[in-house]
Amino acid sequence: MKQEILFQMKSPYRDDFKIQGFRFGEGEKSVAIVGAMRGDEIQQQFTCSQVVKNLIELENEGKILPGHEILVIPSANHFSMNINKRFWAMDNTDINRMFPGYDKGETTQRIAAALFDEVRGFKYGIQLASFYMPGEFIPHVRMMDTGFQNVKLAKKFGLPYVLIRKPKPYDTAVLNYNWQVFDTQAFSIYSGDTDTINKESAKIAWFSILRFLNSMKIIDNKIHDGFNSCVLSDNELETIKSDQAGILYNLRGAKDEVKQGDLLAKILDPFTGAVRSEIYSPVDGTIFFAHDKPLIHQNTLMYKIVKF
Amino acid sequence: MIKTIISEGLPVDEQLLIRKKVIQNGTGPKRICIVTGTHGDELEGQFVCYELTRRLNENLRFLDGTVEVYPALNPLGVDSVTRGIPTFDLDMNRIFPGDKYGHLIEHTAYEIIQDLRGADMVIDIHASNIFLREMPQARINVQMSKKLIPYANLLNIDFIWIHDAATVLESTLAHSLNIIKTPTIVVEMGIGMRITRDYGNRLVDGILNMMRKMKMWSGPISKEISKPMLSTTGDVCFINADVSGIIIPSVSHSVDVKKGDLLCQIVDPFEGVILQNILSPVDGVVFTLRTYPVVYEGSLIARIFSKSACIEDL
Ligand SMILES: [Zn+2]
């Protein structure tokens with residue numbers, strides 16, 4: 001393993017900002033893995049650190065197969081993470097809305113450009129991603145329907161689900177999309193959490209990455225097969241929104257199997273505790289996403305359910 | 001009359017309310033909308049809303065048609081010094097046209113579009129951000145330029161910036177309205193978190209001037225309506241910081257500069273040394289100037305409009 005500084009920038013008074021890369025093996029640019037790009041992506045950073053730890057062990061055992069280069073970048077935004085901010089410490093811009101970047105542009109465009117310069121040209125790109133709504137997911141691989149996506153490969157992660165979704169206008173500036181445009185097979189891994197560490201779900205995520213590397217014959221590390229992933233598109237998910245605002249009392253969460261008519265959650269009056277609304281499942285299925293903050297707005301996404 | 005276009009529950013004893021003021025007189029069918037406060041830290045539009053409403057209230061007899069004023073599309077942001085939508089951490093100008101069946105924010109965006117749909121003109125007022133001061137200017141997508149430039153020329157601004165179509169910008173309010181044939185001009189002026197009274201008065205004069213041409217206003221108008229420069233007659237040069245440090249300005253905003261003039265210095269207060277002298281690469285007018293002193297590598301320092309090409313483009 002070679003630890004390298006891929007990008008460095010002086011700050012007026014803080015320590016230098018650096019993006020560090022961990023490079024394994026030599027040869028074909030096989031896979032690039034990117035962890036936290038937002039300051040709250042702590043689960044993503046943790047997951048990535050475990051990937052690095054495992055790859056160091058595999059390398060010591062000679063189990064990184066010859067002819068492959070693997071680059072892991074656990075963090076591209078610790079300047080925000082260290083001060084509990086989500087977006088760039090100075091101007092609050094989102095690095096993951098700046099790709100492919102511009103090396104003569106604004107600071108976060110330069111960071112994106114430097115990062116993209118390092119990770120482009122790899123055969124596979126894996127990003128540990130987070131969702132903009134607070135909540136918990138079933139671990140899944142997400143791909144954008146760009147016409148370049150390869151669902152068969154996504155199933156090699158062995159996660160329960162592969163979700164295909166149509167890109168929105170802002171997606172043209174995210175890493176995953178730009179990877180695909182520049183001929184990298186790109187995958188976003190959602191392990192469930194963001195600003196807290198859930199070791200169980202993180203483990204599912206880093207195992208899935210090792211499983212993928214093994215099945216692409218980049219490493220030699222046989223682990224159990226994982227799931228035969230179910231492929232979904234976003235519009236096949238049953239969406240439940242809140243009909244009231246208040247205190248959210250969740251009875252069921254992500255990964256739970258539910259029957260039509262099961263009580264999923266209650267929304268309580270924040271003054272009297274009276275039940276304002278009871279949320280029932282409209283279908284038999286598995287909860288794919290669950291809002292998990294204790295307060296809920298009216299008309300807000302609460303659950304996404306995969307129908308059986 | 002104040003109309004509520006959105007009312008949705010927040011967790012504890014509060015509604016998210018988005019409201020507009022409707023000022024109507026006569027029988028004219030024309031309707032214009034003044035919207036602002038999408039970015040909660042941009043407040044220049046607040047004075048425009050106040051001043052336009054005040055002048056219309058005092059001279060209602062001259063109005064023939066409807067003026068709708070939306071001072072805060074992002075009321076949670078304006079009232080809490082937050083640029084994006086609080087709790088969702090989203091840039092509200094990246095969620096349009098929204099979704100009728102979407103969650104709170106997407107649905108709100110959808111309802112805003114439905115409410116503005118069909119207006120004869122929408123002026124979407126922005127105030128840069130807390131870092132940069134902007135000369136009063138219109139920003140127009142090249143695809144809409146033929147239709148919108150004649151209106152922008154009436155607004156008493158200094159500059160019309162025709163920009164390329166970018167997919168990212170398709171999720172802005174202005175783009176979403178323009179593609180459903182509701183003409184919308186983005187005005188950028190001043191600086192975040194402040195009100196520049198002079199700019200506000202100028203834009204109100206400009207809006208009344210435009211209303212006069214649209215036959216909605218028969219009252220007095222300012223005799224001094226400025227004729228804006230058009231970006232396509234020259235080149236826009238971007239000047240970014242090469243080093244991180246503290247900037248000390250040397251020129252003021254909106255001035256003409258010559259090639260080689262000192263715009264500002266980036267200094268190191270520890271050592272008492274100059275890290276970079278930032279010189280103008282061209283002859284032109286400084287229409288954007290950074291006022292926030294702390295910069296990183298890449299921070300935008302200035303934009304200069306020049307009749308000659310920017311050196312970097314050659
Ligand atoms: Zn704005």
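User: Hi! How many disulfides does the structure hold over all chains?
Analyst: One, over all chains, and keep in mind that this is a predicted model. Cys237(B) and Cys310(B) form the disulfide, with their sulfur atoms 1.9 Å apart.

User: Which parts does that pair tie together?
Analyst: Cys237(B) lies in strand β10 (residues 235-240) of chain B and Cys310(B) in the segment after β17 (300-306) of chain B, so the link joins parts that are 73 residues apart in sequence.

User: Are those two cysteines buried or exposed?
Analyst: Both Cys237(B) and Cys310(B) are buried.

User: Switching to the metal: which protein donors does the zinc ion have?
Analyst: His39(B) and His126(B) each give ND1, and Glu42(B) gives two OE atoms, at 2.0 to 2.4 Å from the zinc ion. The angles among the four donor atoms run from 57 to 150°, and the site is irregular.

User: Last one: in the open sheet of four strands in chain A, what is the order?
Analyst: The order is β15-β14-β12-β17, with antiparallel pairing. β15 (275-280) and β17 (295-296) of chain A stand at the edges with a single partner strand each, so one side of each has no neighbour in the sheet.

Key
Residues numbered from 1 in each chain as written. Chains lettered and ligands numbered in written order. Predicted model: local features only at pLDDT ≥ 70, side-chain atom pairs only at ≥ 80, totals over all residues. Heavy atoms only, no water. Donors = N, O, S within 2.8 Å, 3.2 Å for Na, K, Ca; no water. Tetrahedral: all angles 85-135°; square planar, octahedral: opposite > 155°, others 65-115°. Pairing = 2+ DSSP bridges. Helix = DSSP H or I, 4+ residues; strand = E, 2+ residues; numbered from the N terminus. Disulfide = S-S within 2.5 Å. Buried < 20%, exposed > 50% of the residue type's maximum accessible area, 1.4 Å probe, protein only.
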